[in-house]
Every structure is written in structure tokens, then in C-alpha cells.
Amino acid sequence: MFALLERECRRRLAVCCVCSLVLLGLAAPLNAQQQPFPFSNPQKMFDQFFGAAPAEDRAELDKIEIPVRDESQIGERASREYLAELRRQGIKVSTRGDDYEYLQALIALVRPKMENAARYRTIRVHIAESDETDARSFPGGTLIFYRGMLKFAENEAALVGVVGHELSHLDHGHQLYDAKRMKLMQNTFSGTNGFSPDQFFRNGGMLMRSFSKPFRPEDESQADDDGATWAYELGYDPREMAKLFLRMHERDRGVRPGLPSFMQTHPYHLDRFKAISDRYDKLQAAMPKDKLYLGCENLTRRIPWSVKEF
Ligand SMILES: [Zn+2]
């Protein structure tokens, strides 16, 4: 996920509270058919398996494999529901046109940078006809770009950074952590590998939680770092991506609510600006480049730099 507006954050906070309650019910069916559950306190169970993951927990989860087919099913279901929700809100979604073609061209450019590029050979893109400045990715390789983000980016260099950010989430499996936790829990307490995407979605709360609740701040930082690095390696100026956050900071100044820390999905805009600027300095020190491309005209005309330099 890329950036949230205030009202979006408030809406998600409401969703989040609801689904936390729903999710607690998840312990019951698992509990009934397996070993005695180790936690009598549902909140502790929630924190253990679905709350913030400490580093050692993440290392354990990284070892859990979600097969490609399972990931595709999870992503298809999640993106389908998300798109249906957009349509319910009256937001049109399209998979053709200049914006679509343009984004596909940029994705084709960035995708080979992914460590797991072979796993995500096809990236599906949906354009949401909305002024929101957001973009998001779903497991299996589906991206949703809000038209507002294309406008807000101002040039191709910034947009390539955003594309890289979303592809990085896929590359690191950031959205698969809940599925991995469920699988780990299954393995631990039933001794069998009973995990399936169906089971993952049996409880509606899981769907809402995994795909409504934004990513963890450390995942967002990693995605920013990849996006900036890949843009630089491709010859674009990653400072344009940094500036995008500076503009968001200016835009949202004074309207940002005092969100509780667990809702601060993305590190604050200014922190992101600084982190990407630092990354740029390190990249320049390691592999200096005199000329870096911006591509304002490219974005305006939806013609990628790979096709024409202005
Ligand atoms: Zn993100």
C-alpha cells in the first residue's frame, strides 16, 4: 500500500476494530478439532499469531512456504473482493487504456529487478478511477493503481519508484505473513499440513484483516528502499520519489489525525522522504551517476522513456 488519506485511515480503523472481534472467533473451530489450545486468553492468541511479529518470529515465518497456486488463490480472492468494494463505492475500475498500457510498460521495466521475478511472470493491473493517491498489490501479482497517484507522481521517475514499491511487497511476500502464520499454527498444533486458501478465507475476518489492515511500517520502509534503489539502477532519479512524500507531507499537514501507532501503516511522509534521500546518497557513493532521468513529459504523454526520451 502506498499512502492513505485521513478519511481512509479512519475507515480502516473502524474496519480493523470490527475484524479483530470477528477474528477472535477463529480460535474456536481450530481449537475444537485439534490439540488443547495453549492460550486461554484470546487476546494473547491474537497477539501471538496475528499481531506484531518480532524479528525472530519473522525469521521463522520466512521459512514457511506458501505454494504459488495457494498464493494465487489468496490473491485472486482478496483482489476480487477489493475491486467489488471499489465498485460498490461507485469507483470505476478498468484494465485498458493509456494509463493501463503505460503502467504495464513500467512494470515490465522494473519486474526483472525482483528476486522472485520468475514467480511473478504476469502482473495484472487495474486502474481505479479515483483521485486517491494510492497504489496496492495483492498476492499472486495483482496491482491496483489509483489514477490520482499517476497525477500526483508528476514524472516517470517517481512513478517507477512507486511501481517498485508495490513489486517489492510481492517480492518479499509481505502480504503472505498472515497465511504463513496460519500455516505455522496448523503445523504446530495439529502436526499436519492442513493449510489451504479455503481455510484461510473461511473466517471472513481473516480476509478483512490481511487486506484491509495496512502493512507493517518495516515492510513499507523496505518497499520504499527497493523502489528507490531499482529506480536508480534503471537510470531514474529516486529523489523524485522522495519529493513525492514531501508533497504528501505538505498536502496532509494539519489534517493528519493523531492515529494510534498500530495504524501508522506507512512511516510518516517526512520520514520516508528522509530515508529515500539517504538511500540516494548511498547509491551515489557506491555507483556514481551523473545523469539521472525524470521523465515529466513521459508521464504527461504516457509514453515510457524506454520508447522515447524527451
Ligand atoms: Zn506499501
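Which residue in β4 is the bridge partner of Arg 136? The bridge partner of Arg 136 is Ile 144. This report sets that pair in its surroundings.

## The model and its confidence

This is a predicted model, in which local features need a pLDDT of at least 70, side-chain atom pairs count only at pLDDT 80 or more, and totals for chains, interfaces and linings use all residues. Residues are numbered from 1 along each chain as its sequence is written, and side-chain values use heavy atoms, with hydrogens and water left out.

The pLDDT is the predictor's confidence in each residue, from 0 to 100. The protein chain averages a pLDDT of 79, and 68% of the residues score at least 70. Over residues 4–50, the pLDDT is below 50; this stretch has 81 contacts in the model beyond near neighbours in sequence. A contact means heavy atoms within 4.5 Å.

## Overall composition

The protein chain contains 15 helices and 4 strands. Helices (H or I, at least four residues) and strands (E, at least two) are DSSP runs, numbered from the N terminus. Of the 310 residues, 53% count as buried; buried means under 20% relative accessible area, exposed over 50%, and partly exposed in between, with a 1.4 Å probe and protein chains only. Among contacts between residues at least 6 apart in sequence, 75% join residues at least 24 apart.

## The sheet

The 4 strands form an open sheet in the order β1-β2-β4-β3, with mixed pairing. β1 (93–94) and β3 (135–138) stand at the edges with a single partner strand each, so one side of each is left without a neighbour in the sheet. Two strands pair if DSSP finds at least two bridges between them. Strands of a sheet pair through backbone hydrogen bonds, either parallel or antiparallel.

β1 pairs with β2 (residues 124–128) in the antiparallel sense over 2 bridges, and Ser 94 stands opposite Ile 127 in β2. β2 and β4 pair in the parallel sense over 5 bridges; there, Val 125 has Leu 143 of β4 as its bridge partner. β3 and β4 run antiparallel, joined by 4 bridges. These two strands form a hairpin with 3 residues between them, and Gly 140 in the turn has a positive phi of about 90°.

In β4, 5 of the 5 residues are buried, so the strand is largely enclosed by the rest of the structure. Thr 142, Ile 144 and Tyr 146 point one way from β4, while Leu 143 and Phe 145 point the other way.

## Helix α5

The 21 residues of α5 should span 30 Å at 1.5 Å a residue, and its end C-alpha atoms are 30 Å apart, which agrees. The expected span is 1.5 Å times one less than the number of residues. The buried residues of α5 are Asp 70, Glu 71, Ile 74, Gly 75, Ala 78, Ser 79, Tyr 82, Leu 83 and Leu 86. An α-helix has 3.6 residues a turn, so residues three or four places apart point the same way. After α5 comes Gly 90, whose phi is positive, near 80°.

## Asn 298

Asn 298 lies in helix α15 (residues 296–301) and is buried, with a relative accessible area of 0%. Its side chain reaches the backbone oxygen of Ile 303 at 2.8 Å. Leaving aside neighbours within four places in sequence, the contacts of Asn 298 include Tyr 102, Glu 156, Trp 305 and Phe 310.

Definitions and conventions. A polar contact is a pair of N or O atoms within 3.5 Å; within protein, one must be able to donate a hydrogen and the other to accept it, and residues adjacent in sequence count only if both atoms are side-chain atoms.
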